[in-house]
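Hi,

Here is the structure I promised to pass on, with some notes on what turned up in it. Have a look at it first, and then read on.

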Amino acid sequence: YFFEKKISVQFENGYPIGLFGKGDVLILSFYTSKRKEIPTGEYTLGTSSGLTEPFTFDYDVSVLLVNYSNGAGQAEDEMLFSGGKVKVTKTGDEYEFIINLETKSHAKVTGYYKGKADMYTVYPGKKNVSIYNQFPIPD
């Protein structure tokens, strides 16, 4: 998850349960064999539902939520992706993400993030991990 500074992660019993606030949220679900990191590489949009190909992100889950509001539990618009790439570089404990995507309505979504990644186990006792980072989406 990459999101505006107006949004924060909501916790219950030490585990994230959702996002709190209102703003834009970019959700990218990466496929990786690593449990607690996203390896360096170039990731492309997967071609099928579910994550099975290395260095892909899931086309069913990855989405740009425009004007998301936790109070309503929805966004004004949900933009699914038709293609694109995300270049990930990990140096020490810092990540760099260069995002170049295209939505199904042919809008370009580009972005850049460099810094530490906060990682949380979404489901206690399971191997699923989500990364929540504040992402500089303009107001």
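**Strand pairing around E7**

Glu42 stands opposite Lys87 in strand E7. Please keep in mind that this is a predicted model.

E7 and E8 make a hairpin with 2 residues between them, and Gly92 in the turn has a positive phi of about 65°.

**Salt bridges**

How many salt bridges does the structure hold? There are 3.

- Lys85 and Glu42 meet through their side chains at 3.4 Å, N to O. Lys85 sits in strand E7 and Glu42 in strand E4, so this pair ties together parts that are 43 residues apart in sequence. Both ends are partly exposed: Lys85 has a relative accessible area of 42%, and Glu42 comes to 44%.
- Lys116 and Asp93 also meet at 3.4 Å, N to O. This pair links distant parts of the chain, with Lys116 in strand E9 and Asp93 in the loop between E7 and E8, 23 residues apart. Asp93 is partly exposed because its relative accessibility is 49%, and the exposed class starts over 50%.
- Lys108 and Glu102 have their closest N and O atoms 3.1 Å apart. Lys108 is exposed, at 63% relative accessible area, whereas Glu102 is partly exposed at 23%.

**Nonpolar cores**

The largest nonpolar core has 20 residues, and Leu28, Phe30, Val86 and Phe97 touch the most other members. Strands E4 (41–45), E7 (77–91), E8 (94–103) and E9 (108–116) each supply at least two residues of this core. Another core, of 10 residues, lies apart from it and includes Val9, Leu19, Val25 and Ile27.

Leaving aside neighbours within four places in sequence, Leu28 is in contact with Phe2, Phe57, Ser62, Phe81, Val86, Ile99 and Leu101.

Where does Glu37 lie? Glu37 is in the loop between strand E3 (15–27) and E4, and is partly exposed at 30% relative accessibility. Glu37 and Tyr95 are 58 residues apart in sequence, with 9.6 Å from C-alpha to C-alpha.

Best wishes

How values were computed:
Residues numbered from 1 in each chain as written. Predicted model: local features only at pLDDT ≥ 70, side-chain atom pairs only at ≥ 80, totals over all residues. Heavy atoms only, no water. Core = buried A, V, L, I, M, F, W, Y, C linked by side-chain atoms within 4.5 Å. Buried < 20%, exposed > 50% of the residue type's maximum accessible area, 1.4 Å probe, protein only. Helix = DSSP H or I, 4+ residues; strand = E, 2+ residues; numbered from the N terminus. Contact = heavy atoms within 4.5 Å. Pairing = 2+ DSSP bridges. Salt bridge = Lys/Arg side-chain N within 4 Å of Asp/Glu carboxyl O.
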